Amino acid sequence: MKQLTQLTDSYERKMDYLRISVTDRCNFRCQYCMPENIVFQDKSEILTLEEMLTFAEAALQLGVTKVRVTGGEPLVRRGVVKFVGWLKDLGFEEVTMTSNGFLLEENLEGLVEAGLDRINISLDTLQAEKFQFITRRNHFEKVWRSIMAALETPLSPVKINAVAMRGVNDDEIVDMARLTQKYPLHVRFIELMPLNGDTDGSRFRSLFIPGREILEIAQSGLGDLEPVGKDDPAAPADEFTFAGAPGNFGVITPVSEPFCARCSRLRLTADGKVHPCLLTDLDIPVKAAIRSENPVEEIHRVLRETARVKPAAGLTLPEESRNRTMSQIGG
């Protein structure tokens with residue numbers, strides 16, 4: 001494959017990580033992510049998996065080495081397991097997926113065979129009743145079975161992503177952290193972000209918990225945390241471990257301690273837009289380029305333009321909240 005100059009933005013940040021949202025649809029309705037009455041895009045507006053693969057191939061030529069498959073919920077998209085295999089065949093160093101876990105157990109074998117390198121599972125609580133409140137779905141037991149099943153595959157250790165919300169699941173920080181002492185799980189609490197999936201202004205401020213407070217709560221309950229070195233300097237999580245624990249515990253702090261200066265991410269939305277920054281509404285249309293006579297060349301043009309306009313930092317104040325919901329961007 002023809003290798004071109006590494007894609008780098010105006011702030012000399014290397015752009016080598018692509019997140020592909022294969023669908024805006026989801027089988028959950030998490031309160032911080034997707035309104036219950038959300039209107040999905042017409043399927044005619046959504047890129048085919050083959051078109052997404054063409055975009056991925058063009059990105060690979062510009063030095064993107066890692067790709068994450070997201071949604072909505074990626075496993076509701078027919079053919080997504082096959083798509084993971086296609087991405088691996090292209091030659092990406094790492095192909096990963098973020099899922100809510102509901103459809104994971106029955107897809108585990110296929111995903112491992114396709115070459116998936118790692119799975120992140122979103123889980124905000126260990127209590128079934130609270131799970132139903134947050135997700136508006138009664139599926140905790142099925143998700144937990146998927147996590148335990150994944151630990152028995154080459155996808156172990158499994159990463160767990162939890163969005164921290166004061167008065168909702170902050171009383172479970174110690175319980176979630178304790179999982180890392182029992183299982184090879186990497187549990188990371190993510191600060192709530194001011195996106196328009198039901199969080200704005202005063203409500204956002206009442207729910208928000210900073211990462212430093214999360215770490216203090218975990219340590220007060222379970223003892224000292226030792227820092228874990230980063231394999232990837234651009235990785236957003238600050239990770240730690242309890243002495244002798246098989247897993248890690250960490251925080252991702254996009255609001256209280258933004259990591260924009262080391263951001264290496266690009267996002268392709270399901271409806272064919274490049275989203276260079278999660279915390280802005282900036283979108284660069286790429287569908288026409290993908291469907292043009294010279295798609296790879298045209299995609300390269302769009303990606304270079306994206307690199308040029310990628311902002312130095314996102315907007316983290318709730319009064320500057322974004323119009324797209326998390327589910328429409330792919331996280």
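Which residues does Thr 306 touch, not counting residues up to four places away in sequence? In this predicted model, local features need pLDDT of at least 70 and side-chain atom pairs count only at pLDDT 80 or more, whereas totals for chains, interfaces and linings use all residues. Residues are numbered from 1 along each chain as its sequence is written, and side-chain values use heavy atoms, with hydrogens and water left out.

With contact taken as heavy atoms within 4.5 Å, Thr 306 touches Leu 266, Val 274, Pro 276 and Ile 284. Thr 306 is buried, its relative accessible area being 0%, where buried means under 20% and exposed over 50%, with partly exposed in between (1.4 Å probe, protein chains only). This residue lies in helix H10, helices being DSSP runs of H or I with at least four residues and strands runs of E with at least two, numbered from the N terminus.

Helix H10 comprises 15 residues (295-309) and reaches 21 Å from its first C-alpha to its last, close to the 21 Å expected at 1.5 Å a residue, a span defined as 1.5 Å times one less than the number of residues. Its buried residues are Ile 299, His 300, Val 302, Leu 303, Thr 306 and Ala 307. They cover an arc of only 165° around the axis, which puts them on the same side of H10, the arc being that of the directions from the helix axis to the C-beta atoms. On the other side of H10, Glu 297 and Arg 308 are exposed. The cover over the buried residues of H10 includes helices H1 (49-61) and H9 (287-290), together with strands S10 (265-268), S11 (273-275) and S12 (284-285).
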